[in-house]
Amino acid sequence: METKELYSEKLMNLILDAIDEIVIIHDMDHNIMWMNHAGEVAFGISVEKALTMKCHQLFNNLMPCADCDVGTVVIGEPTMKLPRKKTIPSNGNVVECKTMPYYHNGKM
């Protein structure tokens, strides 16, 4: 990885950890790849624990959420723009879930 890319990734992680909005990055199989500090606080688990989970497990679901866009996203087509509301089981807080596909070198 180039130094410039590494610096950009570190900077982005610092910024995303500093905001109060929950940010969770997961793959097409719902495996959590990254979560910011706000996610740790909201769900009451460490990032290390989250990295062993699928996103729907954060909401105590065994299967992906019925209204989840992940897996139905088609390259080049817009995703569902309306956020879906989910309740965090441990504290009853309601959060909005949005799907934003990430493309790198033309691949999702």
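# Close-up views of a predicted model

**View 1. Ala 50 and its contacts.** Apart from neighbours within four places in sequence, Ala 50 is in contact with Ile 32, Met 35 and Ile 45. Contact means heavy atoms within 4.5 Å. This is a predicted model, in which local features need pLDDT of at least 70, side-chain atom pairs count only at pLDDT 80 or more, and totals for chains, interfaces and linings use all residues. Residues are numbered from 1 along each chain as its sequence is written, and side-chain values use heavy atoms, with hydrogens and water left out.

**View 2. The whole protein.** The protein has three helices and four strands. From the N terminus on, the elements run α-β-β-α-α-β-β. Helices (H or I, at least four residues) and strands (E, at least two) are DSSP runs, numbered from the N terminus. Of the 108 residues, 26% count as buried. Buried means under 20% relative accessible area, exposed means over 50%, and partly exposed lies in between (1.4 Å probe, protein chains only). The protein exposes about 7900 Å², and carbon and sulfur atoms supply 59% of that area. Accessible areas come from the Shrake-Rupley method with a 1.4 Å probe; for residues, only the protein chains shown count as cover. Among contacts with a separation of 6 or more, 33% join residues 24 or more positions apart.

**View 3. The largest nonpolar core.** Twelve residues make up this core: Ile 32, Met 35, Ala 42, Phe 43, Val 47, Ala 50, Met 53, Cys 55, Leu 58, Phe 59, Ile 88 and Val 95. A nonpolar core is a set of buried Ala, Val, Leu, Ile, Met, Phe, Trp, Tyr and Cys residues joined through side-chain atoms within 4.5 Å. In soluble globular proteins, nonpolar side chains tend to be buried together.

**View 4. The aromatic pair.** A search of the whole structure finds one aromatic pair. The ring centres of Phe 43 and Phe 59 are 5.3 Å apart and the planes stand at 85°, so the pair is edge-to-face. Rings of Phe, Tyr and Trp (its six-membered ring) pair if their centres lie within 6.5 Å; planes under 30 degrees apart count as stacked, over 60 as edge-to-face and the rest as tilted. The pair links distant parts of the chain, 16 residues apart: Phe 43 is in helix α2 (residues 37-43), and Phe 59 is in the loop between α3 (47-50) and β3 (84-87). Phe 43 is buried, at 8% relative accessibility. Phe 59 is buried too, at 14%.

**View 5. The salt bridges.** The whole structure holds two salt bridges. A salt bridge is a side-chain nitrogen of Lys or Arg within 4 Å of a carboxyl oxygen of Asp or Glu. One joins Asp 67 and Lys 86, with the closest N and O atoms 2.6 Å apart. This pair links distant parts of the chain, 19 residues apart: Asp 67 is in the loop between α3 and β3, and Lys 86 is in strand β3. Asp 67 is partly exposed at 30%, while Lys 86 is buried at 14%. Another joins Glu 96 and Lys 85 (3.1 Å, N to O). Glu 96 lies in strand β4 (residues 94-97) and Lys 85 in strand β3, so the pair ties together parts eleven residues apart in sequence. Glu 96 is partly exposed at 43%; Lys 85 is exposed at 58%.

**View 6. His 30 and its surroundings.** His 30 lies in the loop between β1 (24-26) and β2. Its relative accessible area is 9%, so His 30 is buried. Leaving aside neighbours within four places in sequence, His 30 is in contact with Met 53, Lys 54, Cys 55, His 56, Pro 64, Cys 68 and Val 70. His 30 has a positive phi of about 75° although it is not a glycine. Most residues other than glycine have a negative phi. Met 63 is 33 residues from His 30 in sequence and 9.8 Å away in space, C-alpha to C-alpha. Met 63 lies in the loop between α3 and β3 and is exposed at 60%.

**View 7. A nonpolar surface patch.** Tyr 7, Leu 11, Met 12, Leu 14, Ile 15 and Ile 19 form this patch, with about 600 Å² of accessible area together. Patches are made of residues with over 30% relative accessible area and no salt bridge; like charges are joined within 9 Å, and nonpolar side chains (Val, Leu, Ile, Met, Phe, Trp, Tyr) within 5 Å. Met 12 sits in helix α1 (residues 3-18) and is partly exposed at 44%.
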